[in-house]
Amino acid sequence: MNYLLAKVNDRKEKYRKVISGDTIFYSLPTDLSSHHEYTPAYKLEDDEWYSVSDFSKKEFCIELIKNEFDSTPYKLLTKADPCNVTYLCAFQDDAVYYFQRVFKHSVLERKRAIILGDEIAVRETPKQIVLSDIADAIYVKGDDTLYFRKLETIAPIFTGIETLYREATKDEVTDFLGQSFIHTVGEYGVEKVGKANRQRLAMAIETFNKLKPKQKAVIFQYTNEYYPQLKFDGKAFTVSNEDDMKYFLYGLEQRYYTTPATNEKRVANSVSNIPKM
């Protein structure tokens with residue numbers, strides 16, 4: 001049987017049963033087959049989804065998914081609860097969980113409205129939670145995979161999942177700026193490195209630290225050739241602001257490329273490895 005649960009702000013009893021038997025989300029989106037294992041370096045196309053495989057084994061997986069689904073312990077949602085609902089979870093077909101965040105604008109307060117039907121009348125409507133056409137996250141039990149499109153939207157549902165897109169810590173930034181291949185000038189320093197560059201840095205250093213000295217030298221030369229605006233004396237790059245840092249990190253991630261036909265130099269906003277044949 002299908003069930004719709006509501007997560008409420010209650011430490012002792014987190015979930016309320018909304019309805020049972022009805023289908024809230026009619027079917028899995030056909031484009032779920034077009035998914036990419038989550039990496040912040042990749043930006044989704046309109047018909048794609050991110051995925052996290054082996055989701056039940058992740059630290060940020062919630063107990064609702066880890067445990068066998070059982071609706072009997074949950075009380076019914078009351079008239080007073082809608083404003084305390086943080087997200088909805090539809091359990092359907094004994095195998096799929098659909099999650100939808102509930103924002104304040106999703107809860108329609110009691111208002112007078114013109115009801116258009118067999119009888120046209122002005123009535124006072126009760127509180128309503130607006131349902132989305134497509135869920136914010138979908139967990140398919142059969143393949144133990146979570147699918148989603150925006151990490152920031154589902155982060156409050158799966159506490160800790162934001163670690164998939166982590167920022168470099170202050171110590172990591174300090175260590176990076178202290179390396180011999182980078183020289184900061186002016187007021188630019190650890191405290192000036194913003195959120196976006198801390199996220200880029202967290203991605204870049206993980207790969208860069210695995211490279212051999214000769215590979216690093218090749219990347220430095222490659223970065224200088226594609227972005228000569230960034231001062232390079234053959235040993236170190238001079239970074240004076242956030243733009244300098246961004247384009248330097250693009251180089252470390254090897255995001256620069258040249259189009260084969262028109263010979264244009266470009267930078268890739270999104271990166272995905274091509275599967276080996």
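Trainee: Which residues does Q92 touch, not counting residues up to four places away in sequence?

Mentor: This is a predicted model, and in it Q92 touches N2, T23, I24, F25 and Y98.

Trainee: Where does Q92 lie, and is Q92 buried or exposed?

Mentor: Q92 belongs to strand β6, residues 85–92. Its relative accessible area is 2%. Buried means under 20%, so Q92 is buried.

Trainee: In what order do the strands of the open sheet run?

Mentor: Read across the sheet: β3-β4-β13-β12-β7-β6-β1-β2-β5, nine strands with mixed pairing. At the edges are β3 (35–37) and β5 (75–76), each of which pairs on one side only.

Trainee: In which sense do β7 and β12 pair?

Mentor: Residues 96–101 form β7 and residues 137–140 form β12; the two pair in the antiparallel sense, over four bridges. For V96, the bridge partner in β12 is V140.

Trainee: Why look for a nonpolar core?

Mentor: In soluble globular proteins, nonpolar side chains tend to be buried together. Here the largest nonpolar core has 29 residues, and F55, F99 and F158 touch the most other members. Elements that each supply at least two residues of this core include β1 (3–8), β4 (49–53), α1 (63–66) and α2 (151–154). The largest share, three residues, comes from β6.

Trainee: With which residues is F55 in contact, leaving aside its neighbours within four places in sequence?

Mentor: F55 is in contact with F60, C61, I65, Y139, D144, L146, F158 and I161.

Conventions. Residues are numbered from 1 along each chain as its sequence is written. This is a predicted model: local features need pLDDT of at least 70, side-chain atom pairs count only at pLDDT 80 or more; totals for chains, interfaces and linings use all residues. Side-chain values use heavy atoms; hydrogens and water are left out. Two strands pair if DSSP finds at least two bridges between them. Buried means under 20% relative accessible area, exposed over 50%, partly exposed in between (1.4 Å probe, protein chains only). Contact means heavy atoms within 4.5 Å. A nonpolar core is a set of buried Ala, Val, Leu, Ile, Met, Phe, Trp, Tyr and Cys residues joined through side-chain atoms within 4.5 Å.
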